[in-house]
Amino acid sequence: MYTASPTGPLAASLRRLFEFAWLQTRSCAFAIALMSGVAASTLLPGLPVARYDLLVVYGVLLTGLFWLRGWENGRDVAVIAVCHVIGLAFELVKVSLGSWSYPEPAVLKFAGVPLYGGFLYAAVGSYVCRAWHLFDLELVRYRPRATAAVAAAVYVNFFSHHWLPDARWLLAAALLVVTAGTWACFTVRGVRCRMPLALSFVLIGFFLWIAENLATYVGAWRYPYQLDGWQPVGVEKFGAWSLLISVTVVLVAVTRSHHGPGSTGTATSAGRRRRLGPRLR
């Protein structure tokens with residue numbers, strides 16, 4: 001009877017899969033720590049300060065820890081800070097329109113939005129930055145201006161669709177067009193792999209939707225239909241995250257444009273593919 005060799009192609013593929021999953025988990029370290037803090041805060045009785053205010057302090061300390069430990073460099077922290085600000089602007093509009101709410105009281109809260117809300121977007125920025133480092137990520141045949149223009153339109157549409165026709169399907173099509181032929185190349189166990197950039201948006205969007213279900217379950221925020229008890233987040237948010245992640249990727253890509261390994265661009269990528277040969281998958 002034939003038994004698969006532990007060093008055969010199947011075993012090697014499984015090891016790469018497990019390594020890929022482990023690197024993804026490490027990339028989510030900030031998000032995991034943040035959500036763990038949110039969950040723990042719901043279990044602490046008699047807090048001396050409002051829970052949302054405590055989470056602001058926790059988010060700042062968490063950011064400082066990742067920087068001091070070298071898990072994120074100064075450039076990463078700057079990107080994460082921009083994601084925080086962009087996220088707060090997003091929250092201010094959405095909360096004012098009743099899309100969701102932060103029902104608990106807090107001192108560090110403006111127009112219904114606690115300052116800690118920006119850390120939820122910072123966590124997404126941290127994930128992209130850490131994944132870029134850990135996977136030695138590189139975008140091949142990336143069109144920075146066209147992709148940035150569509151990503152900016154995606155961000156604006158999440159506001160404007162409350163007053164103007166919703167263009168998200170058109171923007172999804174535009175994003176497919178501008179990322180056609182763009183590959184996200186990454187390394188797992190010394191093997192150079194690749195996937196279409198648009199597919200990576202969809203996969204990240206799916207896991208962000210899963211994370212959003214977990215976040216609302218532990219009380220990070222509430223949708224109107226969750227105020228009387230938790231309910232799953234609608235599947236339409238999966239599509240929304242698949243579009244919105246393009247904004248974060250564009251921001252991180254800008255900081256990687258001229259910084260050697262893990263940078264973006266066609267010429268560097270072409271040379272790298274020639275060196276890697278059949279190891280690029």
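Biologist: Where does Thr 147 lie?
Modeller: Thr 147 lies in helix α6, which covers residues 144–160. Helices here are DSSP runs of H or I with at least four residues, strands are E runs of at least two, and both are numbered from the N terminus. Keep in mind that this is a predicted model, where local features need pLDDT of at least 70, side-chain atom pairs count only at pLDDT 80 or more, and totals for chains, interfaces and linings use all residues. Residues are numbered from 1 along each chain as its sequence is written, and side-chain values use heavy atoms, with hydrogens and water left out.

Biologist: Is Thr 147 buried or exposed?
Modeller: Thr 147 is buried, because its relative accessibility is 1%. Buried means under 20% relative accessible area, exposed means over 50%, and partly exposed is in between (1.4 Å probe, protein chains only).

Biologist: And what is Thr 147 in contact with, leaving aside neighbours within four places in sequence?
Modeller: Tyr 142, Val 178, Thr 179 and Val 250. Contact means heavy atoms within 4.5 Å. The side chain of Thr 147 also reaches the backbone oxygen of Arg 143, at 2.7 Å.

Biologist: What about Val 177, which helix is that in?
Modeller: Val 177 is in α7, residues 168–178. With a relative accessible area of 60%, Val 177 is exposed. Its C-alpha atom is 9.4 Å from that of Ala 198, which is 21 residues apart from it along the chain.

Biologist: Let's switch to Asp 76. Which residues does Asp 76 touch, not counting those up to four places away in sequence?
Modeller: Asp 76 touches Cys 129, His 133 and Arg 256. The side chains of Asp 76 and His 133 make a polar contact at 2.9 Å. That term means a pair of N or O atoms within 3.5 Å; within protein, one must be able to donate a hydrogen and the other to accept it, and residues adjacent in sequence count only if both atoms are side-chain atoms.

Biologist: Where is Asp 76 found, and is it buried or exposed?
Modeller: It is found in helix α4, residues 74–96. Asp 76 has a relative accessible area of 1%, so it is buried.

Biologist: How do the axes of α5 and α9 cross?
Modeller: The axes of α5 (residues 117–134) and α9 (residues 236–255) come within 10 Å and cross at roughly 60°. The two helices are therefore oblique to each other, and the crossing is right-handed.

Biologist: Which residues meet there?
Modeller: On the α5 side, Tyr 121, Val 124, Gly 125, Val 128, Cys 129 and Trp 132; on the α9 side, Trp 241, Ile 245, Thr 248, Val 249, Val 252 and Ala 253. They divide into ten nonpolar, two polar and no charged.

Biologist: Last one: how many helices and strands are in the protein chain?
Modeller: Ten helices and five strands. Buried residues make up 45% of the 281 residues.

How values were computed: Axes are lines fitted to C-alpha atoms, for helices over the stretch in contact, and angles run from 0 to 180 degrees between N-to-C directions. Angles under 35 degrees count as roughly parallel, over 145 as roughly antiparallel, 65 to 115 as roughly perpendicular and the rest as oblique. A crossing is left-handed if the near helix is turned anticlockwise from the far one by less than a right angle, and right-handed if clockwise. Ala, Val, Leu, Ile, Met, Phe, Trp, Tyr, Cys and Pro count as nonpolar, Asp, Glu, Lys and Arg as charged, and the others, Gly among them, as polar.
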